[in-house]
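Morning, everyone. I have one structure to walk you through today. Please take a look at it first.

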Amino acid sequence: MENGDLEVLCCFCGQDSTFNKAVEITIECDKKTKEVQAVYAHSKCLDKVLHKSVPRAFDL
């Protein structure tokens, strides 16, 4: 199994996806230490929860 085939869970709907198909969302947890956490989402789920006024610099 290659890394792109790894299963991840969508943080919005809880259903599985593969790493290659999911959108990775990085959250900076602590600005001082620069600690980050990554969560994953289906592109359609992310598009659904983002307010329409939020600019998208990427294709969903």
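I'll start with the overall layout, then go through a few residues one by one.

A word of caution first: this is a predicted model. Keep that in mind throughout.

So, the layout. In sequence order, the pattern reads β-β-β-β-α. The C-alpha trace spans about 35 × 30 × 20 Å along its principal axes.

Now burial. The chain has 60 residues, and 18% of them are buried. The accessible surface comes to about 5,000 Å². Carbon and sulfur atoms account for 52% of that surface.

What about contacts across the sequence? Take the contacts between residues at least 6 apart in sequence. Of those, 26% join residues at least 24 apart.

Charges next. There are 8 positive side chains and 10 negative ones. The centres of the two sets lie 10 Å apart.

On to the aromatic rings. How many aromatic pairs does a search of the whole structure find? The search finds one. The partners are Phe19 and Tyr40, and their arrangement is edge-to-face. Centre to centre, the rings are 5.9 Å apart, with 65° between the planes. An angle over 60 degrees is what counts as edge-to-face.

Where do these two residues sit? Phe19 is in the loop between strand S2, residues 16–18, and strand S3, residues 23–30. Tyr40 is in strand S4, residues 35–41. The pair therefore ties together parts that are 21 residues apart in sequence. Are the two partners buried or exposed? Phe19 is partly exposed, at 34% relative accessibility. Tyr40 is buried, with a relative accessible area of 19%.

Stay with strand S2 for a moment, because Ser17 is found there too. Ser17 counts as buried, at 13% relative accessibility. Which residues does Ser17 touch, leaving aside neighbours within four places in sequence? The contacts are Leu6, Glu7, Val8, Ala22 and His42.

The nearest cysteine sulfur to Cys11 belongs to Cys10, and it is 5.4 Å away. Cys11 is partly exposed, with a relative accessible area of 39%.

Then there is Cys13. The cut-off for a disulfide is 2.5 Å between the sulfur atoms. Cys13 is partly exposed as well, with a relative accessible area of 36%.

Now the loop between S3 and S4. Lys34 has its place there. Lys34 is exposed, with a relative accessible area of 56%.

Last stop: Lys52. Where is Lys52 found? Lys52 is in the segment after helix H1, which covers residues 43–49. Lys52 is exposed, at 63% relative accessible area. Compare the position of Lys52 with that of Glu35. They are 17 residues apart along the chain, and their C-alpha atoms are separated by 29 Å.

The chain follows the pattern β-β-β-β-α. That's my tour.

Conventions:
Residues are numbered from 1 along each chain as its sequence is written. This is a predicted model: local features need pLDDT of at least 70, side-chain atom pairs count only at pLDDT 80 or more; totals for chains, interfaces and linings use all residues. Side-chain values use heavy atoms; hydrogens and water are left out. Rings of Phe, Tyr and Trp (its six-membered ring) pair if their centres lie within 6.5 Å; planes under 30 degrees apart count as stacked, over 60 as edge-to-face and the rest as tilted. Helices (H or I, at least four residues) and strands (E, at least two) are DSSP runs, numbered from the N terminus. Buried means under 20% relative accessible area, exposed over 50%, partly exposed in between (1.4 Å probe, protein chains only). Contact means heavy atoms within 4.5 Å. Accessible areas come from the Shrake-Rupley method with a 1.4 Å probe; for residues, only the protein chains shown count as cover. Lys and Arg count as positive and Asp and Glu as negative; His and the chain ends are not counted. The place of a charge is taken as NZ of Lys, CZ of Arg, CG of Asp or CD of Glu.
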